[in-house]
Amino acid sequence: MGGGTPFSEATAGASSYPQLNFTPKGQQIRNIYQDRLKQFTAPGQYESKNLRSMFISDREDSGEYVKLQVYSVPDLKRIPFDEAVKSEFKSTSKGQSFGPSWSTHWFKVRITVPTRMLKQERLEFHWDGNCEGLVWTKEGEPVQGLTGGGERVEYQIPERWRDGKEHLFYVELACNGMFGNAPGGDSIQPPDPNRYFQLTKADIVAPNLQAQGLYIDFWILGDASREFPGDSWEAHTATQIANEIVNAFVPGSQESILKCRNIAARYLGGKVDSAKVYDSDLEPVVYGIGHCHIDTCWLWPFDETKRKVARSWSSQCNLLDRYSEHRFTASSAQQYKWLEQYYPKLFERVRNHVKKGTFQYIGGSWVEHDTNMPSGESLVRQFILGQRYFQSRFGERCTTFWLPDTFGYSAQLPQLCRLAGMTRFLTQKLSWNNINKFPHTTFNWIALDGSQVLCHMPPSETYTAQAHFGDVKRSVTQHKSMGEDATSLLVFGHGDGGGGPTAEHIEKLRRCRGMSDTIGLLPRVKMGDSVDDFFSRLEKKQVSAKKFVTWYGELYFELHRGTYTTQSNNKKNNRRAEVALKNLELLAAYASLSSSYGYKYPKKDIDELWEIICLCQFHDCLPGSSIEMCYRDSDKLYAELFRRCGELINAAGLALGIKSAPGSDTKPFAVNTLPWDRTELIKLPKEVAGACQKGADGSEYGFLGSKGLVQISEDGPKVTVTETTKDVYVLANDKLQVTVQDGVITSLIDRELEREVIPEGARANQLVIMDDKPLYWQAWDVEVYHLETRRELPAGKVSICENGPYRASVLVETRISKTSWIKTVISLQAAANGAGSSVEFDNEIEWREDMKFLKVEFPVDVHNTEVSNPAVSQERGILLTFQASYETQYGIVRRPTHYNTSWDMAKFEVCCHKWADLSEHDFGVSILNDCKYGFATVGNVMRLSLIRAPKAPDAHADMGRHTFRYAILPHHGPVGETTVRMAIAFNNPLQLGYVAASEMESVSKLMSTISIGGGSKSIVMDTVKRGEDDEDVSTGGIPTRRRRSLVVRFYDSLGGKGSTTIHTKLPVKAVYKTNILEDDISEVALAETATGHKCFKITLRPFEIATYRLQL
């Protein structure tokens, strides 16, 4: 049988395996051994016996070696270094407390390294004032940021100070935490003005670097033990090795530290103490980038942000010097400019790291701004200011738009990004959605006009990752675009209040990479690349392989919907400032190109004013989510803007021949900065003859048109108001008839169509108030359940205010509560030369509420039904959608008026600009406003959000007196140019100027330097300005262009391809279509009219933004 021998040839009994065993050994209880690991590094009862006992090799804080003096700056001032060091310092010591909140204290620190510590591997000075601070050299260079409270408390002592001599440096102590001064640990509560901070550390320290290294080793091993799948070999092995380390450790023994590190290397690899850990050829999938998100204001004022930038970026420069693989990225040109202005030595240090490629500027915008509420031109200026600053200081523009923390993203951002030279976009805020989960990680985001950018949302779902094991793991487990590409960015570092990455973060990522290469399972992380490197790889994949999925239109954020309304005065200032700057630029451009007055275009002033607007559009300022101090600051900034802008407009007007006050030889003149003729009823000073009617306040009204005051004949258009029965008032002109009953509109008739606008039994201009208690974020959020608390406010007194013939109005006085009231003037104008087609509402409110939300409702007899997909409708029957239209930057966003799905319901409060509209095929209604942004259309009820009353982080948000206007505009046909133009004019009414009678014709010609002739009425001329690089106006930093030019920006406002012809009286030599940065793209054919003027034709695709440069 078989063959061979049935028994082993080994001699019986030759095995070395023991025969006897009298030593029992049980199976490990996994959870007990895992819990044990925490004791090895935790503070508390075992601290004197665990690894923490060996973090410090030596420490010295006695007065012989550490001498402290302090100068406490009075009046909460923040003073520069040169002033501080000249002040009178007094002796102080550890244990003293400093305050109050927001105060500054400068410390003069003299240290002498003890002889016994001179040969230590590293020496640090540990300073913990339990608040923020900044270390300065005696020469006035900021060198290290300090966070306090145990975080980032070390300043590395220069090697040259190991000489036994006394050395001097300074610490600037800021009495605020990283997240301001909120009491009780809830950071969004209003700041406590009387916080004090104790100085608990001011020590010379010799750290035990190997013990600290073991601490990071053990941290990552513990994470692997807990976070790898419980049944995996990798998790069990991590638990075993971590317990082996605990067993091998001997308190006080440096030899045991080294032994423990060798044990850890079996799991983590042997290269984790250097950047060599990244040298393997194995393909990474996670790319780490250090980042420091610094809110330009939030729980602290703008001035504190200037110091946060210096604290954070000096720390990062130190880390860049220390870790060759570290790459740090920071956005916001404004913050770089502040650094350049206030910390020039540190700015040069940053610039040197930029040249090396280790400190990477990004974003291309002035600040990380809100994108919901700024006008289209404001978004353009964010990019112009940002890109030009970066180009002028560092030689190149940005290619990636960086906006990780903004509360939703406008549908036109991809187009604007492409026009600003950026093809990539990074954000992550939609991971905060509280209703629907956004479905993509990497995708093509497409604007209203079809422009696209490649968008990446880091799957770790944060821009402040702490470089934990779990952050790396989630970069794959939460990745939603694995079918197209598995790679992702890991954006790590302390943020919001600044700080950025720490050495600990970088060390942890080294261990994660070592673990991936040694053990596997954890996604492989890579350091040393830039964000642009990451996107470049994605773009190559898009071209060569699969295309990424697409997302069309806005990235609506399903949270923070209250930010469309909070801090309404701030939002009003924003709208007013945007309009004022447009007017200034047009007038100044025309004046500078006229040869009569020798006027110089005020480019530097205009840039500075746009910088104010763009600064105040930061994503916690304009949305209303900052502390009260920030709005005191923004009020001052806006006041400065309006003062300067008014002076500059007057100067430009004078250069054009327009005076701001009447004279003996002048006539009234309509200063019309819009590209179409209009007639408006305005208030006239008593010195001007030709008034048509006295107003209720004693002022006089007159119609003003392009040729001056419009004289209305006796039998011309009129408006009347009549009290038909008690408390029922009827206002009527040739177009509209309005019935006001008990303070609300019960009827609005379009007399030309004989159509009733208000449904039977409904009440328009109905004020409603709701409870407003969101889940947590008071200033930010309004939740859907607030609609369930809706309560109608009954009107009080109603009286006739003005009784024609050219303006009729009634005054409605409504008591909101014992402390709050609102007065509304409902008015109608005579239908003269296009006026009188809307009902206007002028409001004054005294608001003293607590967590309430006031809105106004307009139910309308309009039902919007549109075929969603014609192909589907033919094959499967009609598929209808119910939508309202909302103005956004350079276009329209259509949103549902129903709650069919959770995606629809999530849009229960949305952002709009100057108008919202609900239209049928041949009729519609628009609601116009002059400073509001929150809106909702539910069914056929249009609801404008007016004012909120959150109590955190500003306890007094919106309290006090406010004024605002809105209007209801019925129109024939679907939403069209009538709504667009009237909304623009509603926000930018005609201004009254005075021109010498002999100069009326010449001034009128100057004011029509650019005009639009025929073609598509949906094309809007939005901006007129001088060329950024014209040699006669350039502010420097970027090469100039010879000769002068005029830049004109247009957009299609309604969503259809259209053409028109642009006429100009200027001596134009050539016309170029440009991007928004005014780089020439293509030359446009230039023609000459029969009158000798130049003209050129433009064609825009739907919702296209188009900029043209007219070279003179």
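The model is predicted, with local features needing pLDDT of at least 70, side-chain atom pairs counting only at pLDDT 80 or more, and totals for chains, interfaces and linings using all residues. Residues are numbered from 1 along each chain as its sequence is written, and side-chain values use heavy atoms, leaving out hydrogens and water.

Student: What is the strand order of the open sheet of five strands?
Tutor: Strands (E, at least two residues) and helices (H or I, at least four) are DSSP runs, numbered from the N terminus. Two strands pair if DSSP finds at least two bridges between them. Pairing here is antiparallel, and the order is β52-β53-β59-β55-β56.

Student: Which strands stand at the edges?
Tutor: An edge strand here has a single partner, so one side is left without a neighbour in the sheet. That applies to β52 (1019-1026) and β56 (1080-1084).

Student: In β56, what is the bridge partner of Lys1073?
Tutor: Strand β55 (residues 1070-1074) runs antiparallel to β56, joined by four bridges. The partner of Lys1073 in β56 is Ser1082.

Student: How are α14 and α15 oriented to each other, and why?
Tutor: Axes are lines fitted to C-alpha atoms, for helices over the stretch in contact, with angles from 0 to 180 degrees between N-to-C directions. The axes of α14 and α15 (residues 603-616) come within 10 Å and cross at roughly 160 degrees. Angles under 35 degrees count as roughly parallel, over 145 as roughly antiparallel, 65 to 115 as roughly perpendicular and the rest as oblique. The two helices are therefore roughly antiparallel.
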